[in-house]
Amino acid sequence: MPAATLNRRAVTAQLLRKRDNALVVTGLGSTTYDACAAGDHPLTFPLLGAMGSAVMIGLGLAKARPDRRVLVITGDGEMLMGLGSLATAGVSRPQNLAVVVIDNGLYAETGMQRAHTGHGVDLATIAKGACFASAAVIWTQPELDALEDRIYSVAGPVFATIKVTAEPTPIALPPSLDGTYLRTRFRDALLGPGAPD
Amino acid sequence: MPESVAPTTRHNAMNTPTWPDELYEALMAADVRQVGYVPDAGHRRLIERCHANPQLATTSLTTEEEGIGLMVGAYLGGQRGVLLMQSSGVGNCINMLSLTAECRIPLVMLVTMRGEWGEFVPWQVWMGQGTPSAFESMGVLVYRVDERDQVADTVKACTALAFNTRRQVAVLIGQKVIGTKPFK
């Protein structure tokens with residue numbers, strides 16, 4: 001395998017700069033921190049638990065709001081914990097869903113233990129086999145530049161795994177860790193305050 | 001082979017169950033728009049009815065825990081959902097229930113029971129008997145129904161409870177309602 005050169009914080013900031021009115025879900029751990037570092041946003045639902053659920057939350061959201069693009073940004077470890085959800089999302093064929101995995105091949109949160117991705121497991125091949133409309137592995141800046149528009153434009157479900165370096169990044173958190181706050185904020189921003197349950 | 005314990009899941013034309021149809025109508029009346037399920041014989045008719053309705057987003061899951069995430073996404077997007085599963089899958093959901101609990105997101109789970117009334121397979125008894133305490137360990141409100149004519153009313157009440165008070169609610173549909181799975 002070639003060596004990764006992309007920086008996760010720079011990658012996430014670049015992917016989010018064209019989000020417009022897209023709905024974003026970030027996975028437990030570093031991808032939540034990456035998105036927070038790129039700028040807090042009420043239409044980002046940042047997971048701080050429930051590892052393995054990011055793609056399914058994105059799928060439920062994509063089905064509820066076919067008028068909006070839904071972007072899931074999660075880590076390779078979080079994705080590995082929910083591999084079945086790739087098949088569930090793939091066969092559901094939501095045209096408005098994009099899944100991006102920030103892949104350092106490691107469990108950065110727990111002490112840099114190597115993940116299966118660091119041993120050669122290729123999530124893009126799995127996504128392709130799971131009926132995703134497209135799936136790519138991103139190693140370089142030009143590839144990332146091409147992906148930046150694709151995740152918001154081409155018919156989904158779109159999958160990309162972006163190989164990033166393992167350099168440590170500081171923790172960045174949402175304004176509150178309280179789940180009721182984060183879900184209320186998200187729903188108020190999307191549906192308007194006081195939307196019926 | 002097991003002694004036949006009526007009612008069984010093999011119904012003749014005179015004995016077609018109506019409770020899944022009443023249950024379906026109750027879900028439609030509650031404005032449910034998404035259904036997630038792991039295939040289950042006890043929910044077979046309900047699943048078929050859900051798939052037949054193009055206004056419903058009905059999602060087959062590889063494992064029950066996926067359904068918790070699906071319901072959270074639906075709620076964040078402004079839709080109501082319900083999750084269908086067999087008691088054997090309840091344990092799979094445990095950590096994911098922290099999501100709906102921490103975020104106070106309404107969750108309705110309709111659980112068909114195994115491992116009790118007339119069960120034939122000893123392996124089913126463990127998770128079936130552990131189902132109420134597994135749910136309760138995560139703060140899920142658990143209700144149970146053992147009579148066919150009370151299924152729809154119980155589901156109506158539990159749907160109201162979940163969405164009015166933003167709670168996680170499980171309805172356990174007893175094996176007596178579903179019928180014991182025949183093994184011959």
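Reader: Why are α3(A) and α5(A) called roughly parallel to each other?

Author: In this predicted model, the axes of α3 (residues 54-64) and α5 (residues 83-92) of chain A come within 9 Å and cross at roughly 20°. Axes are lines fitted to C-alpha atoms, for helices over the stretch in contact, with angles from 0 to 180 degrees between N-to-C directions. Angles under 35 degrees count as roughly parallel, over 145 as roughly antiparallel, 65 to 115 as roughly perpendicular and the rest as oblique. The two helices are therefore roughly parallel. Their crossing is left-handed (the near helix is turned anticlockwise from the far one by less than a right angle; clockwise is right-handed).

Reader: Which residues make the contact of α3(A) with α5(A)?

Author: A:V55, A:M56, A:L59 and A:K63 of α3(A) meet A:S85, A:T88, A:A89 and A:S92 of α5(A), where contact means heavy atoms within 4.5 Å. By class, these are 4 nonpolar, 3 polar and 1 charged (Ala, Val, Leu, Ile, Met, Phe, Trp, Tyr, Cys and Pro count as nonpolar, Asp, Glu, Lys and Arg as charged, and the others, Gly among them, as polar).

Reader: What makes α1(A) oblique to α2(A)?

Author: The axes of α1 (residues 8-16) and α2 (residues 30-38) of chain A come within 9 Å and cross at roughly 60°. That angle makes the pair oblique. The crossing is right-handed. From α1(A), the residues A:R8, A:R9, A:T12, A:A13 and A:L16 meet a set in α2(A) that includes A:Y33 and A:D34. This contact divides into 6 nonpolar, 3 polar and 3 charged residues.

Reader: How does α1(A) pack with α7(A)?

Author: Their axes are 9 Å apart at an angle of about 35°, and the crossing is right-handed. Among the residues that meet are A:V11 and A:L15 of α1(A) and A:L144 and A:I151 of α7(A). The contact has 7 nonpolar, 2 polar and 2 charged residues. The helices named here (H or I, at least four residues) and the strands (E, at least two) are DSSP runs, numbered from the N terminus.

Reader: What is the volume of the second largest pocket?

Author: The second largest pocket has a volume of about 240 Å³. Of its 18 lining residues, A:L28, A:G29, A:S30, A:A108 and A:E109 are the closest to its centre.

Reader: What makes the peptide bond between A:G156 and A:P157 cis?

Author: Its omega is about 0°. A:P157 lies in the loop between α7 (141-153) and β8 (158-163) of chain A.

Reader: On what basis do the values above rest?

Author: Local features need pLDDT of at least 70 and side-chain atom pairs 80 or more, while totals for chains, interfaces and linings use all residues; side-chain values use heavy atoms, without hydrogens and water. Residues are numbered from 1 along each chain as its sequence is written, and chains are lettered from A and ligands numbered from 1 in the order in which they are written.

Note on methods:
On a 1 Å grid over the protein atoms alone, a cavity is a set of points where a 1.4 Å probe fits but cannot get out, and a pocket is an open set with protein on both sides within 12 Å along at least five of seven lines; lining residues have an atom within 4 Å of a point. Grid points are joined across faces, edges and corners, and a volume is the space filled by probe spheres set on the points.
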